[in-house]
Amino acid sequence: MSIRLQNIAKHFSSTQALEPINLDIHEGELVGLLGPSGSGKTTLLRIIAGLESADRSPQAGKILFGDRDVTNVHVRDRRIGFVFQHYALFRHMSVYDNVAFGLTVMPKKRRPSSGEIRARVFRLLEMVQLQHLANRLPAQLSGGQQQRVSLARALAVEPDVLLLDEPFGALDAKVRQDLRRWLRRLHDELNFTSVFVTHDQEEALELSDRVVVMSNGRIEQIDTPDTLYRSPKNRFVFEFLGDVNHLEGKVHNGVLTCGDAHLNVDLPNGDEELLLRPHEIRLTEQPSAESHLPVTITAISPVGAEVRVELEADWLVKPWLATVRHADFERLEMSRGQRLFAHPRHWHRFKEDTKAPAKQGRAA
Amino acid sequence: MRQLAIWRPGSTRVLPGFGLSMGISVLFISLVLLLPITGLFGQLAGLSLAQYWAIISEGRVVASYMVTIGAAAVAAVVNAVFGLLMAWVLVRYEFPGKRLLDALMDLPFALPTAVAGITLATLYAGSGWMGGLLEPLGFQVAYTWVGIALAMAFTSIPFVVRTVQPVLEDLPAEVDEAAMSLGATDGVAFRRVIMPHLWPALVTGTGLAFVRSLGEFGAIIFIAGNMPYETEITALMIFVKLQEYDYAGASAVASVVLFVSLTLLLLINIWQGRFVRRLHGGKG
């Protein structure tokens, strides 16, 4: 079932939690709402669910599930499945009863027979690989297991859309990884439309078909993870999606200067701030004709596919983070305190005042 | 699994001061609780079993048990309903004056019970504000068991509110929301999701209120009318016997009240413990 939001806004007393928002989510899509806390992403999700109502004035927004207008439909009649960050399981009921709950509270004429309920619950428990724990109480399960129960419970009523509010937020890193993959697989298998909220950019980019980046009650960008990472529309999106290094300075005749550092750029004269991702910095023993950026290594973390190196210099306000290949790391025999030269392979620039698209440059 | 702290000579503890704090606690309990009870049983020692039985099964005393238990039961049920409602209102809604209402909840504890009793008696007597309204309609409250129940309800309502309130606060609103998102109506959500959580607290609170009502004296005697066989409460019987310097008789009746109260408290505790253990998966 597709979801269409038209002009959805929300005020909490005098503060605006959401500016009027339009959003289309296609049938079968898995969409991530990504943003820092206070960006309005959870409010938006709760409005879709019907747990919160959108503003009626000055203009009433509209929420459509497929062709069905659900704007004024109560949460219990919206046919949604909702998964809470802290599971919200019914603690006094067994796992089985939790999953069966949505089926047993159906009005008599729609309610499946008890045999059918049993069969359906066990099918769901099998799907979340918890059939052997059907008689346990929630308190006897681990966090990851509880969240799987809560997912099975939400899916039991065969909802039109599945909404997940920071579903993996309360779990530890390893379990989170597993559950993420597992949810993606489940989604591909059953092909329901789902929307999930997260503040973890990695989670959003890994899991979603499309990501909605939000800040301050506004949608900043909606795109596939790939497009989002490669061509962020503005500085907020760029900075939110990963580590960023800043280079501030004055451009004069195509040379950006900052203390004793300088870099050739193809930019008009004036103050400039360039942004660089850690993997866009190359380190060498010698400066080049295009750039002279002397830095000192202050910390090294060799864990993972690449070595993370922290760089400092007196012309830098905040230390830089660079990632280098293990081969380069060994070739240059990097050590703490070593002085090297940085070369941007690539840089980004966002002018705040103009709405012009980001300019990207290539150096050396 | 909760481990009972047992003191072993020579064992070293991380948490200091066990000996001293335990000693003072035991001393305090002995002085304040155990000593008076021992005194009570000491008084009983002068009675033979037959005499004891004669005192506690005397017609007027038995009538007072009926009045006390009946009125306390009514008061407890009324408090269970209204106490739950008040706790619900105080926890789930935001409204101006909420803190004031919350503080008022403890008024029955703060007010001397005799003051409460005189106030209630004045209000509900035929000449009082409430009595003046109710009596023409045929409802007599003052000097009947209804008045007794009313005074009991007044003094014991905080027990229900204050035991249910924290449990309700502990129950996240998300649980209601989850039930509703699964299609449950308000009634079903309340019955199947919220009530099972509140049960133990509600029963405990009601039980405490009931036990408290059994022993209430000051608030009741002014409104009860104290007619033998009709509106005499057991606490009054004890008082009457004391006035007649019949200390053994007073102790005998008191021991009955004490026995009933203690048994009830013990039962509530055991039952609640079992329930809580179930809820926390045997880890409570």
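Two residues are in contact here if their C-beta atoms, placed from the backbone, lie within 7 Å. Welcome to a predicted model, in which local features need pLDDT of at least 70, side-chain atom pairs count only at pLDDT 80 or more, and totals for chains, interfaces and linings use all residues. Residues are numbered from 1 along each chain as its sequence is written, while chains are lettered from A and ligands numbered from 1 in the order in which they are written.

**Two helices of chain A**

- In α2(A), A:Y96, A:V99, A:A100, A:L103 and A:T104 meet A:I117, A:R120, A:V121, A:L124 and A:L125 of α3(A); helices are DSSP runs of H or I with at least four residues, strands are runs of E with at least two, and both are numbered from the N terminus.
- Sorted by class, this contact has eight nonpolar, one polar and one charged residues (nonpolar: Ala, Val, Leu, Ile, Met, Phe, Trp, Tyr, Cys and Pro; charged: Asp, Glu, Lys and Arg; polar: the others, Gly among them).
- The axes of α2(A) and α3(A) (residues 114-127) come within 10 Å and cross at roughly 130 degrees (axes are lines fitted to C-alpha atoms, for helices over the stretch in contact, with angles from 0 to 180 degrees between N-to-C directions).

**Where chain A touches chain B**

- Across the two chains, 21 residues of chain A are in contact with 19 residues of chain B.
- On the chain A side, β6 (80-83) and α2 (95-104) are the elements that give two or more residues.
- The residues on that side divide into 14 nonpolar, four polar and three charged.

**Domains**

- Chain A is divided into domain 1 (3-240) and domain 2 (245-362), with bounds from an automatic or database domain assignment.
- The centres of these two domains of chain A, taken over C-alpha atoms, are separated by 40 Å.
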